Amino acid sequence: MTAHSIGLGSWFVGSKPDGFARDRLPPQHDADAAVELILPYRNSIALPDASGSIRCLSGALWVTRTNDSEDHIVEPGTSFRFEEGDHVVVQGIKPSKLSLSLAPEPPLPFVPCA
């Protein structure tokens, strides 16, 4: 199984089991914007400390997250929401296509210079 990590600032797609190819998401992506990903059979992605949703477009996804005793199967046309602080792992239990929407990072607080 190949594991990949997706964070708010970057996403990783493994092209080979022994390496990762890195691409950057736009620094301030739109909350309504979604990224479509293809997740091969038995490959997985990790979403550490992110909030948003996953929508299955084809195939089937197995989803688990911290502090949730249930595993979730997400099939075409259904979605799974996760909240800030959740560590989510998504695995393709069939060759799958999914839409990933991440909530934007909150703006940094304004701190005036002294």
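Me: With which residue does Arg65 form a salt bridge in which the closest N and O atoms are 3.3 Å apart?

Reply: A salt bridge is a side-chain nitrogen of Lys or Arg within 4 Å of a carboxyl oxygen of Asp or Glu. Here the partner of Arg65 is Asp86, with the closest N and O atoms 3.3 Å apart. This is a predicted model: local features need pLDDT of at least 70 and side-chain atom pairs pLDDT 80 or more, while totals for chains, interfaces and linings use all residues. Residues are numbered from 1 along each chain as its sequence is written, and side-chain values use heavy atoms, without hydrogens and water.

Me: Which parts does the pair of Arg65 and Asp86 tie together?

Reply: Strands (E, at least two residues) are DSSP runs numbered from the N terminus. Arg65 lies in strand β7 and Asp86 in the loop between β9 and β10, so the pair ties together parts 21 residues apart in sequence. Arg65 also forms a salt bridge with Asp68, at 3.0 Å between the closest N and O atoms.

Me: Is Asp86 buried or exposed?

Reply: Buried means under 20% relative accessible area, exposed over 50%, and partly exposed in between (1.4 Å probe, protein chains only). Asp86, at 13%, counts as buried, whereas Arg65, at 23%, counts as partly exposed.

Me: How many residues does the largest nonpolar core have?

Reply: A nonpolar core is a set of buried Ala, Val, Leu, Ile, Met, Phe, Trp, Tyr and Cys residues joined through side-chain atoms within 4.5 Å. The largest one has 17 residues, and its largest share, three residues, comes from β11.

Methods
Helices (H or I, at least four residues) and strands (E, at least two) are DSSP runs, numbered from the N terminus.
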